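Hi everyone, thanks for coming. Please have a look at the protein on the screen, and then I'll walk you through it.

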Amino acid sequence: MADYVKVALDAMGGDHAPAEVVKGAIEAVNEEKKVKIFLFGDESRIRQELSGYTYDSAQVEVVHASEVIGMSEPPVNAIRKKKDSSIVKGMAYVKQGECDAFVSAGSTGAVLVGGQVLVGRIKGVERPPLAPLIPTADGVTLLLDCGANVDARPSQLVQFAKMGSVYMENVVGVKDPKVGILNIGAEEEKGNALVKETFPLLKNCPDINFVGSVEARDVPLGAVDVVVCEAFTGNVLLKTYEGVGATLISAVKEGMLSSVRSKIGALMVKPALKKTLKKFDIEQYGGAPLLGLKGLVVKTHGSSKAIEIKNSIMQCVTFKEQHINEKIQEKITLTDPS
């Protein structure tokens, strides 16, 4: 049998499930022959969607799950009670070693809880951060944490920096990635208690390339490769980033269609503009991995279309091939032997 990278995919999670999820899965297996997808969810609905595609059946397997965890359900209770849900069954495959990774556009809370409770943390990791790639003027930056740990401690932010550095160097290919802590100013003495206490720890950490504080306005400019913060601040930054981006794109489109002259101009600049705007399309970068778990867990947007699902699956392939978990464990235990 082929040595596949095996990905458990929550076929029932997200606003456009199962249609867009299945479509993304098929696009992934048709592009990458090293991946095998396990689709978890209502078998009849999944097979109905699959019937419209051509693919190698050896790369796709359907696993029936009779329950779905809703977006508004309390995560802990849902994980505990809905044992036959697509999220719980998919994560169980990762825990048992039957799959290498799990991807879901479903309930963020359930994915975060399930990741820690069902998949489990790598030894030495205090808290796993949710770490999305966000587009910048000259590439991408890894933001962690953006949603998993609202009340993080300084030692945890240091671990975020280490894990983020491993990810950027081995998955994105950024050599010696620059790490910055999100702050309200560049000066070392600025910030709240958490930032002030964490700054010297990062500054004296020998195995990361810490460059100091970074302000939110400098993140889109690509000032650093890894941005470290607790989840409340990170989530505000991420949502602002997405909102401003969508507003600007909408305003540009509206302006280009406002008159005959602008429409003619739009036709001339359309190819270059489309290429430029694509760089800032978050869907192009896949989902946000929950770093520091024994198996990879990736959370995509609830509104994910096929392209983001496909790219999230491709993330899993790179993650597995680059042995990211092993490198994270080595990085954490190297300086945190406890």
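Let me begin with a definition: helices (H or I, at least four residues) and strands (E, at least two) are DSSP runs, numbered from the N terminus. By that count, this protein has 11 helices and 11 strands. Its radius of gyration, taken over C-alpha atoms, is 20 Å, close to the 20 Å from the globule rule for 338 residues, so the protein is as compact as a globular protein of that length. That rule is 2.2 Å times the number of residues to the power 0.38.

A word on the source: this is a predicted model, where local features need pLDDT of at least 70, side-chain atom pairs count only at pLDDT 80 or more, and totals for chains, interfaces and linings use all residues. Residues are numbered from 1 along each chain as its sequence is written, and side-chain values use heavy atoms, leaving out hydrogens and water.

Six strands make an open sheet in the order 3-2-1-4-11-10, with mixed pairing; two strands pair if DSSP finds at least two bridges between them. At the edges sit strand 3 (60-64) and strand 10 (288-289), each pairing on one side only. Strand 3 runs parallel to strand 2 (residues 35-41), over five bridges.
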